[in-house]
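Please look through the model below before reading on.

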Amino acid sequence: MLELRNVSFQVDSEGTDKEIIRDFSLVIPDNKLVVITGPNGGGKSTLARLIAGIEKPTEGQIFLNGEDITERSITDRAKMGIGFAFQQPVRFKGIQVFDLIRLATGQKISMADACEYLAAVGLCARDYINREVNASLSGGELKRIEIATVLAKKPSLAVFDEPEAGIDLWSFQNLIEVFEGMRRDIRDSSILIISHQERILNIADEIVVVRDGRLAARGTKEEVMPSLLGTSSAVPGCRMTETVKGGAK
Amino acid sequence: MIKVQLDEIQKRLLREVADLHSVPEGAFNIRSNGASAGRQSTANIDIIPRPAGDGLEVRIKPGTKNESVHIPVVMTKTGLSEVVYNDFYIGEGADVTIVAGCGIDNCGPKDSEHDGIHRFYVGKGAKVKYVEKHYGSGTGTGKRILNPGTEVYLEENAVAEMEMVQIKGVDDTERTTTAELAAGARLVVRERLMTHGQQRAISKYVVHMNGDGATADVVSRSVARDDSHQKFDAVLVGNAACSGHTECDSIIMDNGRILAVPGLEANNVDAALVHEAAIGKIAGDQIIKLMTLGLTEQEAEEQIINGFLK
């Protein structure tokens, strides 16, 4: 269980303090898949980074399973069970897919073990396990490998920052299946996804709307979805098709 | 079986530079503290010492396939300085692997230096894979110095693949590699280098592509840590319808400094030459990603460097 308690985050923007997150409180209970949505620039990704420890709040506290982790490092939080999938996965020259998955598990694993995680994200393990995590991989491939590293970590809280960004429609279909699978096997852990996609919102146990750094609404999808449909916070799948084909909204 | 007498330090150096745990299979010469400690020729590979004792002539018969030559050098005496000349004649159509390498353990106050001058004459259609590792250890104040000179002459359709590695412990290196390529010949160089402390490493390449269809690919990956300094200077000269690529990809850390000087010279309208050079510190995102997997910042850096130099 994760709790954000009165969290604020300010940055220095051209000499004046700009508040990205304002007095934000939220509880993400165990066994739930929670999706955070809201307009661009509203602070969603910043929330994800605050949870992973990449940014530190200027005010407020963050608790994981009752323990105050506000001052804990990224490494500590990872060891305590937080997994984080980047919106734009990082490339590494020379580091192979197997290396990343092995590091994520934190133990010596066999090739066969590592391949299972790749299979889970719909990649043919044999073709990828020895590939370098470099520019030779497409955006969609990288994204799936990124998700495989989070699966391999077996986190008690998995955070995904816009997993649909930069991937093609076919991969997107696969992605939904991966999240549905994670939801089924959730067992005492929780999943937090930052997303605009209606189809991801549809598999949420709970939806949280963030606007201007504040909590604007929260509830089940039945409660929240009607107010979101047709806005940028819930983009239907077909609009994505148009974007892929013609680049137009 | 030829007996080779080596002490524990010498054995450790051999493991580092040549992955050798015992006397190698096939042809070999082990040079220890300025003299040969063991030598073996085979039916197809003749190793002949130079009369002055300052090197070898290695003759590989045409058509020799899947054989290897090991010529490691280990030095454990402080204050030893030597220049060694090794000439390799690789017969037409042969396909062989040559493993060289030098390990210096200097526990004394005087500098130890080994300058290996290697010349490769690779016959028509022959292929040679050359692996050279450098390693230094020891706690003495004397420097460990290696200045390798390599000359490669590739006849028509000959291929040389060269892997040069220097990861640890060599205080001062000036490496010069020159190559002349005839038509259809191919040169591939993969250099990996890491310097630390006050070390200095210079690596120079001059590759002449003289025949149509010649190709050269010279790639260096390096890491400069602490106060170390590196210079990478690679010149490709296209004198025919050829293609060449050179790349210097470097990570700097601490107060490390790197100067990359790629040079291209096209003397033929059909010469296609490319160079790439990139120097920078480890990207912050890379460290953060590995930290989100539970690694400390230092562990993340080590993994990134290990991968980069793999």
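What percentage of the 249 residues in chain A is buried? Buried residues make up 44% of them, where buried means that 20 or more other C-beta atoms, placed from the backbone, lie within 10 Å of the residue's own. This is a predicted model, in which local features need pLDDT of at least 70, side-chain atom pairs count only at pLDDT 80 or more, and totals for chains, interfaces and linings use all residues. Residues are numbered from 1 along each chain as its sequence is written, with chains lettered from A and ligands numbered from 1 in the order in which they are written.

Chain A has ten helices and ten strands (DSSP runs, H or I of at least four residues for helices and E of at least two for strands, numbered from the N terminus). Its radius of gyration is 18 Å, close to the 18 Å that the globule rule gives for 249 residues, so chain A is as compact as a globular protein of that length. The radius is taken over C-alpha atoms, and the rule is 2.2 Å times the number of residues to the power 0.38.

The contact between the chains takes 19 residues from chain A and 16 from chain B; two residues are in contact if their C-beta atoms, placed from the backbone, lie within 7 Å. On the side of chain B, α2(B) gives the largest share, six residues.

Helix α2 (residues 284-291) of chain B also meets another helix of chain B, α3 (residues 297-308), at an angle of about 115°, with the axes 9 Å apart. Axes are lines fitted to C-alpha atoms, for helices over the stretch in contact, and angles run from 0 to 180 degrees between N-to-C directions.

Key: Buried ≥ 20, exposed ≤ 12 C-beta atoms within 10 Å, placed from the backbone.
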